[in-house]
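Here is a friendly walk through one protein chain. Please have the sequence and the model open beside you as you read.

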Amino acid sequence: MTDRYAVIGNPIAFSKSPLIHGSFAQATGQDIEYTRIEGPPGRFAATVDAFRAQGGCGLNITAPFKLDAYAYASEHSPAARLAGAANALKLEGARVLAENFDGVGLVRDVVHNLGQALRGRRVLMLGAGGAARGALLPFLAEQPAELVIANRSLDKAQALARIGAEHGRVRAAAYPALEGERFDLVFNATSASLHAELPPVPASVFADCVLAYELAYAKGMTPFLRLAGNAGVARRVDGVGMLAEQAAEAFAWWRGVRPDTAEVIERLRVPLV
Ligand code: ATR
């Protein structure tokens with residue numbers, strides 16, 4: 001019988017996950033079925049119960065269900081536990097395993113696909129919400145010279161920095177305090193781009209910057225990427241590689257074989273205009 005997987009979210013119609021996993025399955029010769037599930041608000045558990053009863057083996061989780069998925073699981077990986085959120089579930093009979101591959105997917109894109117080491121570099125992350133939380137430990141595992149977390153609400157950045165402190169050099173900063181500081185790599189992990197807004201980051205942070213990375217996907221030339229370009233940053237990318245890499249991590253976790261992502265990334269890449 002064909003193993004069943006799905007992505008659950010709301011809305012879900014525009015999810016690229018079926019295309020990505022379908023392409024991975026074809027490339028690796030894995031016999032799976034992968035569909036979209038539009039989860040009714042407030043009915044995550046019942047919807048997943050029904051999917052399991054139909055033989056579902058695994059789920060990708062997208063907004064607004066990442067916290068529900070974490071709560072639903074019976075076992076949690078360290079990455080899921082830190083984020084307090086799951087972006088993938090493995091369904092094994094009575095066991096439900098929660099993972100969060102967003103952070104490792106991001107690091108893999110930066111280091112492997114874009115060829116930019118984090119080790120020994122000065123790294124700035126804008127934002128201290130769910131996306132930033134997922135990136136925290138995978139970033140620190142790469143041993144940057146320093147990771148600075150900037151956020152409007154400084155207390156949230158400070159809370160993340162405290163969590164990260166035993167894993168590497170990390171500190172929190174308010175946006176205005178970044179004036180005059182320079183970073184090699186700058187990541188926008190805020191949700192500002194979803195509303196065509198610009199985090200209040202001083203342009204001076206980009207003076208030595210070789211890569212400006214927008215975690216959001218397919219939002220075109222966001223205010224953050226435009227600011228980086230005006231400040232002279234040559235390499236600007238969005239989160240298409242992160243999207244493909246977190247999917248590849250989930251696929252490998254479920255199927256035991258890691259697909260190559262290059263083709264999927266090229267297919268899904270949207271011009272930054
Ligand atoms: P996500 O899961 O996408 O990270 P979230 O957990 O709601 O979403 O977090 C949103 C993040 O984007 C927060 O860091 C938020 O900053 P505050 O904590 O100060 O609110 C940040 N954010 C959203 N809109 C922003 C804007 N216009 N400028 C700067 N930061 C913004």
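## Two domains

Which domains does the domain assignment of the protein chain give? The assignment gives domain 1, made of residues 3-100 + 241-268, and domain 2, which covers residues 103-238. Keep in mind that this is a predicted model. The centres of the two domains, taken over C-alpha atoms, are separated by 26 Å. Domain 1 brings 13 residues to the contact, and domain 2 brings 14 residues.

## Where the domains meet

The size of an interface is often given as the accessible area lost when the parts come together. Here domain 1 and domain 2 bury about 1,200 Å² between them, and 63% of that area is on carbon and sulfur atoms. On the domain 1 side, Leu82, Met242 and Glu245 supply 51% of the area buried against domain 2, more than any other three residues.

How many salt bridges does the rule find across the interface of domain 1 and domain 2? The rule finds one.

## Helix 5

Helix 5 takes in residues 102-113, twelve residues in total. From its first C-alpha to its last, helix 5 reaches 15 Å, close to the 16 Å expected at 1.5 Å a residue. After helix 5 comes glycine 115, which has a positive phi near 65°.

Which residues of helix 5 are buried? They are Asp102, Gly103, Gly105, Leu106, Val107, Asp109 and Val110. These buried residues pack against several elements: helix 3 (66-72), helix 6 (130-141), strand 10 (185-188), strand 11 (211-214) and helix 9 (240-255).

## Helix 7, with a buried side

In helix 7 (residues 154-164), the buried residues are Ala157, Leu160, Ala161 and Gly164. Looking down the axis of helix 7, you will find its buried residues within an arc of 100°, so they line one face of the helix.

What do the buried residues of helix 7 pack against? Their partners are helix 6, strand 8 (146-150) and strand 9 (170-173). On the face turned away from the buried side, helix 7 carries the exposed residues Asp155 and Arg162.

## Backbone details to check

Most residues other than glycine have a negative phi, and most peptide bonds are trans. Against that background, a few places deserve a look.

One runs from asparagine 10 to proline 11, with omega near 5°, and proline 11 is in the loop between strand 1 (3-9) and helix 1 (17-28). Another joins alanine 63 and proline 64, with omega about 5°; proline 64 lies in the loop between strand 3 (56-61) and helix 3.

Glutamine 143 has a phi of about 60° and is found in the loop between helix 6 and strand 8. With 44% relative accessibility, glutamine 143 counts as partly exposed. Alanine 218 has a positive phi near 60°, and its place is in the loop between strand 11 and helix 8 (223-230). Is alanine 218 buried or partly exposed? Alanine 218 is partly exposed, at a relative accessible area of 33%.

Note on methods
Residues numbered from 1 in each chain as written. Predicted model: local features only at pLDDT ≥ 70, side-chain atom pairs only at ≥ 80, totals over all residues. Heavy atoms only, no water. Helix = DSSP H or I, 4+ residues; strand = E, 2+ residues; numbered from the N terminus. Expected span 1.5 Å × (residues − 1). Buried < 20%, exposed > 50% of the residue type's maximum accessible area, 1.4 Å probe, protein only. Contact = heavy atoms within 4.5 Å. Arc of directions from axis to C-beta. Domains from an automatic or database assignment. Buried area = accessible area lost by both parts, 1.4 Å probe. Salt bridge = Lys/Arg side-chain N within 4 Å of Asp/Glu carboxyl O.
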